[in-house]
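User: I have not looked at this one before. Can you walk me through it?
Analyst: Here it is.

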Amino acid sequence: MFMTGPGLSEIELAFVDELLSLGILEKVEGHRLPLQNGVISVFCSDCDRSPDVYEHLRTITQTQCSHTRIHAIADNGGPLLIPKSSPANKPGRTRDVDLLESIEFAMRQKHIQTIGLIGHAPCSIALDRKIDLFRTFALTLCAKTRIKTDLKRYDPKVACFYQIDFGERAPSPEKRLRTYFMNRTRFFDRFRTNSIYSSERCR
């Protein structure tokens with residue numbers, strides 16, 4: 001498997017271990033999501049990691065949908081672009097609004113209510129914009145809040161996921177990339193007093 005860019009540091013991997021131990025990152029169970037009509041997926045277009053994301057989505061949608069029905073919306077940074085205050089967006093740009101319009105269009109035209117936001121680490125956009133790992137988690141969850149607020153009239157069902165590249169710590173090359181469900185309630189309960197999170201209030 002060809003990968004570029006630096007891997008996660010030991011400190012970042014220790015943070016991932018903490019999230020796993022707290023149940024903030026959980027095993028993905030497709031039956032917990034309404035996938036009968038498919039899913040609108042918003043993820044990073046990273047060529048090394050997006051194929052694994054798509055395959056993972058295909059596997060879980062087939063638990064409920066008779067055929068693969070994934071409406072993919074990919075861009076550099078994926079869900080990190082959606083929060084209004086996200087440093088992933090350059091000043092004066094409208095990528096957040098453009099993504100929301102793409103999601104809304106897919107909901108209307110394809111009659112899909114379920115939206116999967118998939119972040120990943122390491123992320124080149126996060127590295128380029130100097131967004132630390134904690135903040136990428138917070139931004140992904142804030143993206144969910146904005147979708148549910150701005151597109152409330154469509155009653156979106158939004159789930160957040162995170163793909164972790166464990167690099168050399170993985171027991172085998174096949175297990176290097178692992179995707180987890182993000183438990184929003186547990187994350188906010190655990191980190192709501194964190195100063196970084198406080199500056200990323202979800203609106």
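User: What does the accessible surface of the protein chain come to?
Analyst: About 10,300 Å², and 49% of that belongs to carbon and sulfur atoms. Keep in mind that this is a predicted model.

User: How many residues count as buried, as a percentage?
Analyst: Of the 203 residues in the protein chain, 49% count as buried.

User: What does the radius of gyration say about the overall form?
Analyst: A compact globule with 203 residues would have a radius of gyration near 17 Å, and the protein chain has 16 Å, so the value agrees with a compact globule. Along the principal axes, the C-alpha atoms fill a box of roughly 45 × 40 × 30 Å.

User: How many helices and strands are there?
Analyst: The protein chain has 7 helices and 6 strands. Along the sequence they follow the pattern α-β-β-α-β-α-β-α-α-β-β-α-α.

User: What share of the contacts joins residues at least 24 apart?
Analyst: That share is 77%, counted among contacts between residues at least 6 apart in sequence.

User: Let's take a helix. Which residues of α2 are buried?
Analyst: Ser50, Val53, Leu57, Ile60 and Thr61 are buried in α2. They cover an arc of only 95° around the axis, so they sit on the same side of α2.

User: And what covers them?
Analyst: The cover over the buried residues of α2 includes the strands β2 (39-43), β3, β4 (114-121) and β5 (157-165).

User: What span should α2 have?
Analyst: Helix α2 runs over residues 50-61, and at 1.5 Å a residue its 12 residues should span 16 Å. Its end C-alpha atoms are 16 Å apart, which agrees.

User: Now α5. Is it enclosed or open?
Analyst: Largely enclosed by the rest of the structure, because 14 of its 18 residues are buried. Helix α5 covers residues 133-150 and reaches 26 Å from its first C-alpha to its last, close to the 26 Å expected.

User: What happens at the start of α5?
Analyst: A side-chain oxygen of aspartate 132 reaches to within 3.2 Å of the backbone nitrogen of phenylalanine 134.

User: What is it in contact with, neighbours within four places in sequence aside?
Analyst: Arginine 169 is in contact with Leu13 and Asp17. The side chains of arginine 169 and aspartate 17 make a polar contact at 3.1 Å. As for leucine 13, it is 156 residues away from arginine 169 along the chain, yet their C-alpha atoms are separated by 9.2 Å.

User: Which peptide bond is cis?
Analyst: The bond from alanine 121 to proline 122 is cis, with omega near 0°. Proline 122 is located in the loop between β4 and α4 (124-128).

User: What about lysine 130, what is its phi?
Analyst: Lysine 130 has a positive phi of about 60°, although it is not a glycine. This residue lies in the loop between α4 and α5. With 73% relative accessibility, lysine 130 counts as exposed.

User: And aspartate 155, what phi does that have?
Analyst: Aspartate 155 has a positive phi of about 50° and is not a glycine either. Its place is the loop between α5 and β5, and with a relative accessible area of 40% aspartate 155 is partly exposed.

Conventions: Residues are numbered from 1 along each chain as its sequence is written. This is a predicted model: local features need pLDDT of at least 70, side-chain atom pairs count only at pLDDT 80 or more; totals for chains, interfaces and linings use all residues. Side-chain values use heavy atoms; hydrogens and water are left out. Helices (H or I, at least four residues) and strands (E, at least two) are DSSP runs, numbered from the N terminus. The expected span of a helix is 1.5 Å times one less than its number of residues. Buried means under 20% relative accessible area, exposed over 50%, partly exposed in between (1.4 Å probe, protein chains only). A polar contact is a pair of N or O atoms within 3.5 Å; within protein, one must be able to donate a hydrogen and the other to accept it, and residues adjacent in sequence count only if both atoms are side-chain atoms. The radius of gyration is taken over C-alpha atoms; the globule rule is 2.2 Å times the number of residues to the power 0.38. Contact means heavy atoms within 4.5 Å. Accessible areas come from the Shrake-Rupley method with a 1.4 Å probe; for residues, only the protein chains shown count as cover. The arc is that of the directions from the helix axis to the C-beta atoms.
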